Amino acid sequence: MSRIGNKIITIPKGVEVKIDKSSITVKGPKGSLTQAVSPDLKIDNKDGILTITRPTEQKRHKSLHGLTRALVNNMVIGVTDGFTKQMELVGVGYRVSNTGNLLEMSVGYSHPIMFYIPSELKVETLTEKGQNPKIILKGSDLQLMGQICAKLRSFKAPEPFKGKGIKFTGEILRRKAGKSAGK
């Protein structure tokens, strides 16, 4: 029994949901999102409430049930409120700046890293004296935002000794002790 899959999704005012056989489209004030869904699952829209039901108790249907409900719920939240992720660059001499959606990062390599953020997301950079440089991503597509954050983090993952690298704001890293002295 899927606890997530059985939850209902309430559709706020101003959000339009279109259900096809193998896809669902959600339109709202922050944009429009489309997601492919399994044609086996049944999605009902009655009086502003979405319910997702599965046809059988097969393992494949059980796994798709909760996943589909979570994806559709994230789409509804994304087109109404939107999502925000904030990352910071920890390290001496680490810098970041943006020109439109082109991000330029200097994270300890011999060359700056140029990375283009897709147009669905908005990027903003903050550099304040005494604070780590920050990258702020805003958008309605949580999946795309997660992929972009993972890609940015892969350029310089936080290391466990000093904590230098690109990490999420507020993330707690597991730190290791350094080398111990001689005898």
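Helices are runs of at least four residues assigned by DSSP and numbered from the N terminus. The views below show a predicted model.

**View 1. Helix H1 and the glycine that follows.** Helix H1 contains 22 residues. From the first C-alpha to the last, H1 reaches 33 Å, close to the 32 Å expected at 1.5 Å a residue. Just after H1 comes Gly82, which takes a positive phi of about 85°.

**View 2. The sheet of strands E2, E3 and E4.** Three strands form an open sheet in the order E2-E3-E4, and their pairing is antiparallel. Strand E2 (16-19) and strand E4 (31-36) stand at the edges with a single partner strand each, so one side of each has no neighbour in the sheet. From one strand to the next, the twist averages 15°. E2 and strand E3 (residues 23-28) run antiparallel and are joined by four bridges. Val17 has Val26 in E3 as its bridge partner. Helix H1 (residues 59-80) packs on this sheet and touches E3 and E4. The direction of H1 makes about 20° with that of E3.

**View 3. The largest nonpolar core.** In soluble globular proteins, nonpolar side chains tend to be buried together. The largest nonpolar core of this model has 22 residues. Leu103, Met105, Ile117, Ile135, Leu137, Ile148 and Leu152 are those with the most contacts inside this core. At least two core residues come from each of strand E7 (83-90), strand E9 (102-106), strand E10 (113-116), strand E12 (134-139) and helix H2 (142-155). H2 gives the most, with six residues.

View 4. Neighbours within four places in sequence are left aside here; beyond them, the contacts of Ile135 include Met87, Leu89, Val96, Leu103, Met105, Val123 and Leu152. Lys85, Gln86 and Glu124 are also in contact with Ile135. A second, separate core has 16 residues, among them Val17, Val26, Leu50 and Val76. Val17 and Val26 are also the bridge partners shown in the sheet.

**View 5. The aromatic pair of Phe115 and Phe155.** The structure holds one aromatic pair. The ring centres of Phe115 and Phe155 are 5.6 Å apart and the ring planes stand at 70°, so the pair is edge-to-face; planes over 60 degrees apart count as such. Phe115 lies in strand E10 and Phe155 in helix H2, so the pair ties together parts that are 40 residues apart in sequence. Both Phe115 and Phe155 are buried.

Note on methods
Residues numbered from 1 in each chain as written. Predicted model: local features only at pLDDT ≥ 70, side-chain atom pairs only at ≥ 80, totals over all residues. Heavy atoms only, no water. Pairing = 2+ DSSP bridges. Axes fitted to C-alpha atoms, helices over the stretch in contact; angles between N-to-C directions. Contact = heavy atoms within 4.5 Å. Core = buried A, V, L, I, M, F, W, Y, C linked by side-chain atoms within 4.5 Å. Buried < 20%, exposed > 50% of the residue type's maximum accessible area, 1.4 Å probe, protein only. Expected span 1.5 Å × (residues − 1). Phe/Tyr/Trp six-rings, centres within 6.5 Å; stacked < 30°, edge-to-face > 60°.
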